[in-house]
Amino acid sequence: MSGTTRRGFLGTAAFAGGGAVLGIPERASAENGSTPQTVAVLGGGVAGLTAAHELAERGFRVTVYERKALGGKARSMDVPDSGTGGRRPLPGEHGFRFIPGIYHNLPDTMRRIPFPGNPGGVHDNLVAPKEMLFARSGGREDIRIPLPWPDNPPAELHPDEIRRAFTAVLDTAFHLPLHEALYFADRMLVFLTSCDQRRDTVWERTPWWDFVRAGRMSYDYQRVLAVGITRNIVATKAEEASTRTVGTLLEAFAFNLLGRGADGPLDRILNAPTNEAWIDPWVTYLKSLGVEFRVGWTVRDLTLGAGAIAGAVVEDPSGARRTVTADHYISAMPVEHARRTWNSAVRAADPQLAECDRLETDWMTGIQFYLTERTPILHGHLDLIDSPWSLTAIAQAQHWPGRDFPADYGDGTVADCLSVDVSEWDRPGILYGKTAKQCTRTEVAREVWAQLKAALNDSGRTVLKDSVLHSWFLDPAVDGLGTPHPVNDEQLLIHPVGTFHHRPRSATKIPNLFLAGDYVAVPIDLATMEGANSSARQAVNALLDRSGSTAPRCTVAPLYRAPELEPLRRHDRTRYLLGLPNAFDIG
């Protein structure tokens with residue numbers, strides 16, 4: 001089916017009852033049959049599209065303004081001039097998709113996006129890798145871990161069981177000294193039984209490196225449990241990362257592995273390039289609901305009048321500035337772009353906006369290597385524990401069963417796409433002795449390839465061969481590499497200690513301005529697509545409250561916590577109020 005035909009079919013499916021099939025509530029006027037209220041959604045990433053989705057299903061008239069491309073950092077993109085002979089261009093991306101079972105809000109949205117032949121909508125395009133690999137360099141044994149999805153989760157959990165489980169996993173999987181595995185298990189038990197007040201104060205101010213006492217432990221302990229976790233999961237240095245953030249995610253992942261409170265398996269990815277499997281069908285569905293899109297329109301400023309937003313100053317694709325108006329405005333841009341649009345009058349109207357200046361972003365960017373042969377690494381993600389640039393990767397073609405790379409993409413010789421995320425841009429590499437920012441684009445590609453080979457070709461088997469490397473694609477959002485002023489137009493929010501309390505609420509003190517984005521305070525407390533989706537739901541709920549709408553509110557599902565541990569968390573609250581440490585905290 002051609003791209004044009006497929007898009008037409010998607011539009012027909014979405015318009016002709018797709019919503020009813022997926023259990024979507026009937027659309028109703030935003031104001032009981034009166035003229036629908038208008039909403040300007042400023043930003044077309046996951047947060048903006050989610051806000052448009054929820055509002056359009058509730059009868060609001062929505063226009064989305066996006067400066068670059070719909071889908072934001074989650075989108076896939078065409079590699080320029082790579083498709084020949086009628087084939088599709090090779091798929092590039094800001095970074096590979098990872099939609100774990102700890103997510104609940106994003107999967108709910110995906111189930112409500114119609115897709116031909118899928119009863120569960122776009123959500124049915126998620127597939128579960130069978131394993132993950134922690135690849136070691138220097139001839140050390142790689143650690144391959146299967147990812148089973150348990151049919152019957154354990155009935156009850158007790159502190160001793162939790163400690164034993166963590167100890168066994170760490171001792172077996174990472175070959176840590178037993179005393180270090182035991183110690184880390186105890187530290188996790190401390191966090192799991194900590195009350196919210198202790199998490200929000202003590203652990204929010206404590207770096208993960210200090211919490212797990214990494215400075216006194218072995219190299220493996222530091223690389224795996226301190227550096228590896230923080231750089232590859234939250235893209236923050238272990239010496240700076242908030243224990244509250246890191247611990248919250250590890251808690252959710254641990255219970256996900258146990259089958260507790262999860263939407264699905266620990267690791268899920270899409271079965272095709274992101275735009276084909278998700279973003280394009282989403283946009284098609286939203287258009288069928290009446291959402292209008294203005295792509296190439298950049299928001300420059302918000303004007304304030306009579307205590308409310310009077311208009312958004314935007315620059316259209318021709319470079320002309322104009323002011324667009326609506327009843328309500330949802331700022332759904334990444335924080336580094338959103339705060340540029342908040343002038344002094346807007347900031348004065350709500351002090352929490354100025355607090356956002358204290359939030360930090362960093363580089364976590366993807367590069368794709370296109371290969372002329374399938375890569376027999378493993379069926380899932382790999383984490384290069386010892387790589388200076390904290391690389392994670394996945395060979396994608398095996399997970400895209402409906403896509404024939406040689407026949408469908410590129411010049412007819414590409415058989416696989418090895419997608420790699422680079423999390424550390426300020427540490428020297430092994431090939432040139434320079435940081436990623438100091439390297440040219442070509443040097444970055446060569447350095448990443450060298451680090452991949454150092455981890456995968458060091459055990460007597462040649463996994464990656466230079467002869468199969470066809471080409472590579474580095475996210476164009478990164479520019480100026482190798483110059484004194486490298487830039488990254490699509491950075492990632494990071495979570496140093498203390499920054500959680502600078503994150504804003506979705507509802508502002510300006511009555512018609514609402515915030516959505518992964519920097520907004522949400523239950524998951526991490527810069528993720530789930531965070532972006534959750535924040536948009538919060539923004540829509542605040543808008544519904546302000547507008548007096550009777551439409552049903554969006555659900556915002558929290559991360560799972562084991563109910564068996566609640567008595568211990570209540571006990572810890574008492575100890576916290578008395579100024580005592582957690583009962584399991586032995587130092």
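In strand β2, T63 is the bridge partner of A40. Helices (H or I, at least four residues) and strands (E, at least two) are DSSP runs, numbered from the N terminus.

A quick word on the ground rules. The model is predicted, so to speak of local features takes pLDDT of at least 70 and side-chain atom pairs count only at pLDDT 80 or more, while totals for chains, interfaces and linings use all residues. Residues are numbered from 1 along each chain as its sequence is written, and side-chain values use heavy atoms, with hydrogens and water left out.

**The parallel sheet and its helices**

β1 and β2 sit in an open sheet of 5 strands, ordered β9-β2-β1-β13-β23 with parallel pairing. β9 (292-295) and β23 (513-515) are at the edges with a single partner strand each, so one side of each lacks a neighbour in the sheet. On average, neighbouring strands here are turned by 20 degrees against each other, direction ignored.

Angles run from 0 to 180 degrees between N-to-C directions, with axes as lines fitted to C-alpha atoms, for helices over the stretch in contact. Contact itself means heavy atoms within 4.5 Å.

| Helix | Strands it lies across | Angle |
|---|---|---|
| α2 | β1, β2, β9 and β13 (328-331) | about 170 degrees to β2 |
| α16 (residues 529-547) | β1, β13 and β23 | about 160 degrees to β23 |

α2 (residues 46-56) also packs against another helix: its axis and that of α10 (residues 274-288) come within 10 Å and cross at roughly 35 degrees. From α2, the residues V46, L49, T50, A52 and H53 meet W278, W282, Y285 and L286 of α10. Sorted by type, that contact has 7 nonpolar residues, 2 polar and no charged; nonpolar here covers Ala, Val, Leu, Ile, Met, Phe, Trp, Tyr, Cys and Pro, charged covers Asp, Glu, Lys and Arg, and the others, Gly among them, are polar.

**Cores**

A nonpolar core is a set of buried Ala, Val, Leu, Ile, Met, Phe, Trp, Tyr and Cys residues joined through side-chain atoms within 4.5 Å. Buried means under 20% relative accessible area, exposed over 50%, partly exposed in between (1.4 Å probe, protein chains only).

The largest such core has 58 residues, and W278, L286 and I330 have the most contacts inside it. α16 gives the largest share, 8 residues. A second, separate core of 33 residues includes L371, L418, L464 and V468. Back at I330, the residues it touches include V39, A51, F514 and L543, leaving aside residues up to four places away in sequence.

**A covered strand**

β17 (residues 391-395) has 5 of its 5 residues buried. L391, A393 and A395 are buried on one side, T392 and I394 on the other. β17 pairs antiparallel with β16 (residues 381-384) over 3 bridges, and 5 bridges join β17 to β18 (residues 416-422), also antiparallel. Across those pairings, H381 has I394 as its bridge partner, and A393 stands opposite V420.

**Two positive phi values**

D81 has phi near 60 degrees and sits in the loop between β3 (76-78) and β4 (91-93). D525, in the loop between β23 and α16, has phi of about 50 degrees. Buried or exposed, which is D525? D525 is buried at 1% relative accessible area, whereas D81 is exposed at 81%.

How values were computed. Two strands pair if DSSP finds at least two bridges between them.
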